[in-house]
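Student: Please take me through a close look at one part of this predicted model. I want the packing and pairing in detail.

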Amino acid sequence: MNPKPTKKKKDAIRQFCTFWIGERIYGADIQIVKEINSERNICPIPHATSEILGYVNIRGQIHLIIDMRQRLGLPEQPVQKDSRLVLFKSMSGGAFGILVDRIGDVIEVTESQIEEHLQGTDCLGNDRVESSHQFINGICQLDGGLLILIDPKLLLNLVCASQSLKKVPVAV
Amino acid sequence: MDFNDALTQEFVVEAREHMESIEEDLLLLEQQRNNLPRELVDRLFRAIHSIKGSAGCIGFQRINELAHTMETLLAMYRSGEIRPEASHVDALLAGCDYLNRMLEHVDKSNDMDINVPMTQLNALMEGSIPIHAKREMNTPVDIGTIFEGNIHLEIDEHTLKHVPEEHRYIYFIRYDFVKFMSNTGTSPVTVISELNKAGEILTAQLQNQHDDLDASLLDSPLYYDVLYSTVLEPMMVEVLCGLPQDQIQQVERASLDTFLANRDGAGGEADPAAPAPPAEQPAATPDTPALSGEEVSAEAASPVSPPEPVPEPVAAKPTAPEESPEEIAARKREQEERDAEEARIAREWEEELARKAEAEQRAKAAPPPPPAAPPPHKEGMTMTATKPAVDDAPFSFSPGDGLDEGGAKKNSGTVRLSVDLLDELMGLAGELILARNQLLTLSDKFEPGTRAIVQRLDIVASELQEAIMRTRMQPVGNVFGKMPRIVRDLAKKLGKEIEITMTGQEVELDKTIVEALTDPLTHMIRNCCDHGIGDPEFRQSQGKSRVGTIQLHAFHEGGQINIVIRDDGRGIDPERIRRKVLERKLKTEAELDRMSAKEICNLVMLPGFSTAEQVSDVSGRGVGMDVVRACIEKLGGSLDLTSDVGVGTTITLRLPLTLAIIPSLIIRSNGRRYAIPQVNVEELICIYEPEDAMKKVEYAGDQEVYRLRGQLLPIVRLNEVLGRRQPFTEHTKATISRQYRILPGPDGAPQLPEVYKQSAEQGSTIRRALIFGVMNVGSRRFGLSFDDVIGTEEIVVKPMHAAVQALHCYAGATVLGDGDVALILDMEGVGKHADAMREIVDEMEEESISEKIKEIQPVLLFQAGPREQFAVPLSIVRRIERIDTDAIERIGDREYITINEISTLIVRVDQQLDVSPMAEGTANLLLIPKHIPKPVGFLFSRVIDVKDANLELKDALISQQGILGSGILLNKMTIFLDLFRLIEKAEPDWFADRKIQLPGGKDSNKVLLVEDTAFFRNLVRKYLEDEDFEVTLAEDGLQALNLMREKGDTFRLLVSDLEMPKMDGWELIRQIRKTDASWATIPSVALTSHSSPESREKAMNNGYDRFEVKIDREALLATIKNLIQEMAQTRA
């Protein structure tokens, strides 16, 4: 069930569901993506940090939605026509999903193409230690550019940690 | 490993179930020990026997040992060797505790020290088991010899002799668990429990004992030899144990008896020195009439020494009967010969079995051949197959104890399911409902035929959801069942005599609630035992029985479950609570002065409070009632405590049926909807006019407060709470209150701050200055203001996602009827966030406020005809209905309308009074009054307002029947209506039978009416005068008492308010009843504005004959009539 196969074979093929956030293309292992949804009716959760967009009802099940633009520190923008919710399977941590700008194709990548993402570097391998990027678990060079692979579990941990009130400086 | 875990799991679950019934039954045993029902002992025996059997089979040695010892003691009861005593039950219960502990940590159970209960049990048995029984127990018999083949099964003589008489067959069954399990999928635990259901496993041995039943060992056979006694015929046993005939051997009971007799005979010669105890036997038997005479005689003749002992064990056991060395040697030789013979047979038998196993192994690979007797694969089959046999069998328990049905009931047809599965089902049902809802919205477009199908789907889906909800329900008896044991142990420990009675165990609650209820309930019961009920001597000195009682009672009421815990102990002394509270500085003296006795009693639930003068290890320090309350409130319940000094204490818990669905208030704040659990909402208050808001909202420091009926209520603005992530500080509160403060403008009119206009635009269409709900959180209250009330809804609670659980303002989320998500507010979190959970110091004087409030009551102003303005006190208005004038039906000269399927009589004010008629078409509102026994409504055209009005009315101006008086409101003359009189005018027949006949004629119609509020004084006076009473008025108790002293003899009836200045109604009646004047027995009725069982009781205890609510005219007059008649009768 682990998105990363336990025995890594260099030629094993993995499929990634890709999506655009800002100018970059990101991907999540297709095995942990439950569905893509275009629901727009989102109930905000006051007191939560701005990266938490709110709750959304998908067929009677309430999902928590994380705004990826906020998470990545990109400038705010209203929900677009192409914006979609990427919902993850519950093994990644309860019912939750992310809001992305636009959906890309499903891309097949062999294991050898994936470069382990180094801790302490950002998505581009720069030496910037930025905690907001620590949910990235690999990058992959494609013809069209760089595919950044995200791990929803890590993402959720980061979001969860930032909710605690103590960590936020007292508002002036 | 998985296999082993699953097996252990199964064993633990099963053993736990047995443990529950064992505890219960042990307590029963203690109660009925003088007249022991055989069924009870059997049930106990079987339960502990099952645990022992399974534990031994899976390799939990310690559990097996302890269970075995307990079983031995129980076996002694069963055979009538000893009678149970209280000390035995203690030891057995202690054994249970150890077993429970071991079951909890079953993996470590083999390392646990069980010396304490073992020694205790052994010592008891040592002391009370008759010598011959002891000897029998220590005498192993190799029963194998009566069967064919090399069977070596050791069993002690005592068990063998006391095989229940109705068990006509003895079987030897050899299971190969490995094969058996792979063939049938039945686990050893199930095998053992199945066998125990229909008979008794006398002894069992696991051959080539593995350390555990690990999967790696599954290839080699694992034999489990069982000696089994039952009533079942051989055929049935085959079906029962699911084995082919060749693995079962049987002997008839008679041969066993012969076998035993032979042994006894031989033994008698072998050891003539052993004393035959003929005297003991008859003494022991009367308790067990089921024992056969045959057996008794066999035993009486038995000189007990073993004829064919297995040398080693006998020698090892210290209590073994003494034998001469020659005899031992002789027996040894004999035994050796036998062993050699047996070894030979064993080899053959084993070879044969091995061959068979091999054959089967091969067969398993190929399609399985049909076995001689096909093993049943399902439990159900086994049951149906065995049941008739059991029914037909001559079960002969002790006659007439009628417990058989009870025993049978315990094996009802149930299936064990994982809760996760139920939760999943619940979730799926929820989705189905949602899909159905969407379908229903489309159903207009369907063909007629399709619509019927959709409707059916609708019904089925609802029922499905309901049924699934029910699967989570569990009887509250599951928790109650633990209480008798606790009470018993505590009573013993504290040297008290306490009885517990329970009712309503069958009442069902959500599983989560039932489970969470254990701790608080245990704590309260402990409290009852420790603090509530006194020592027997103390109780006796108080004129109570030595035995204290605790009642535990569960029942449904209004969609909730109530649990009442009542003791008849010394009660809670408010004075002592007061002292304690002051001592601990939990409240100030001024605060306490303002509290009623009941409120003071409820202070025991303040954090850090413990009433026992001496802190005992029973209730302990630290955890107190505050924790209990916190627990209950977490479950969405509430807790209420009442107590009478010297009489007892009653605690009432109110719990929701389920946590999953809660009734809630849906409100709007900043354009979003939120749900507030109804359990927190006391009332809703809406202030329309900015002037009112300006006057009523005060400031205590930086906190906005509202004065609600004399009490200060902090106001929390939800918009601000949700808009500020950081918990409020003084600074925040100051900012907020400045923002919302309504100040008079230059012209004196209130100026609304900007923020009001915003919220009004976003939210509702009606402009309101302030709308808030009074929230009740534990002992604190605050007003939560929001933009709009949307309604109430039963919502399904979904927990908050883990990532946002740190936010303490929410209790969860829910999907509303239209599919939108709404957050459920956690009122405690909101209150804390807003820093509104603190006590507010009231700076104003109490007295002046309450004086003012008394005469001022809110009244509903409305219009019927175009000219007059009418008013009625809001307290008698049930509701206002908007109606369709076309729906009014005429029958004769009366008009009716159907509201909620109830035919309601319409009264038009203009037909009863001389006022302007309503214009056609404007009459579309109906006022439904309270306290009227029949459905009736007043037709009117417009609601003008709700205003506080001074009810000191001038009644001279307009005098018509049906008018109370008049006053000026909103600069207009206003007529105060007497709705009761109007109804009576419209429908005189309704009241025909109520006319009060005064005995003694006109001279004796004087009534003394005591009431401090002018409005009610006039109202009640009117009621009484209409009935031809001559009313004398008094404004307080003191005045009334003086009047009584002057001319008490002339009054025929006293009607008095309770809460009054100078002298209250309770004191008044005490004073009256105390005197020895002739008027001391005057019939009296207490009047109150709030009716509760407590206030009723208090009034009656003080000496009132009756108790009524002020504005309920019908009830009051009926009561008076009834009272007067009764008095006349007693006098006659």
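**Helix packing and a mixed sheet**

Tutor: Helix α38 (residues 1065–1074) of chain B and helix α39 (residues 1093–1102) of chain B have axes that come within 8 Å and cross at roughly 25 degrees. Axes are lines fitted to C-alpha atoms, for helices over the stretch in contact, with angles from 0 to 180 degrees between N-to-C directions. Helices (H or I, at least four residues) and strands (E, at least two) are DSSP runs, numbered from the N terminus. The crossing makes α38(B) roughly parallel to α39(B) (angles under 35 degrees). Trp1066(B), Ile1069(B) and Arg1070(B) of α38(B) make the contact with Lys1098(B), Ala1099(B) and Asn1102(B) of α39(B) (heavy atoms within 4.5 Å). These residues divide into 3 nonpolar, 1 polar and 2 charged. Ala, Val, Leu, Ile, Met, Phe, Trp, Tyr, Cys and Pro count as nonpolar, Asp, Glu, Lys and Arg as charged, and the others, Gly among them, as polar.

The model is predicted: local features need pLDDT of at least 70, side-chain atom pairs 80 or more, while totals for chains, interfaces and linings use all residues. Residues are numbered from 1 along each chain as its sequence is written, chains are lettered from A and ligands numbered from 1 in written order, and side-chain values use heavy atoms, without hydrogens or water.

Now the sheet. It is open, has 6 strands in the order β16-β22-β23-β19-β18-β17 (chain B), and its pairing is mixed. Strands pair if DSSP finds at least two bridges between them. β16 (681–687) and β17 (697–700) of chain B each have a single partner strand, so one side of each lacks a neighbour in the sheet. β17(B) runs antiparallel to β18 (residues 703–708) of chain B, joined by 4 bridges. Ala700(B) has Gln703(B) as its bridge partner in β18(B). Helix α30 (residues 730–740) of chain B lies across β17, β18 and β19 (711–717) of chain B, at about 60 degrees to β18(B).

Technical notes. Parallel < 35°, antiparallel > 145°, perpendicular 65-115°, else oblique.
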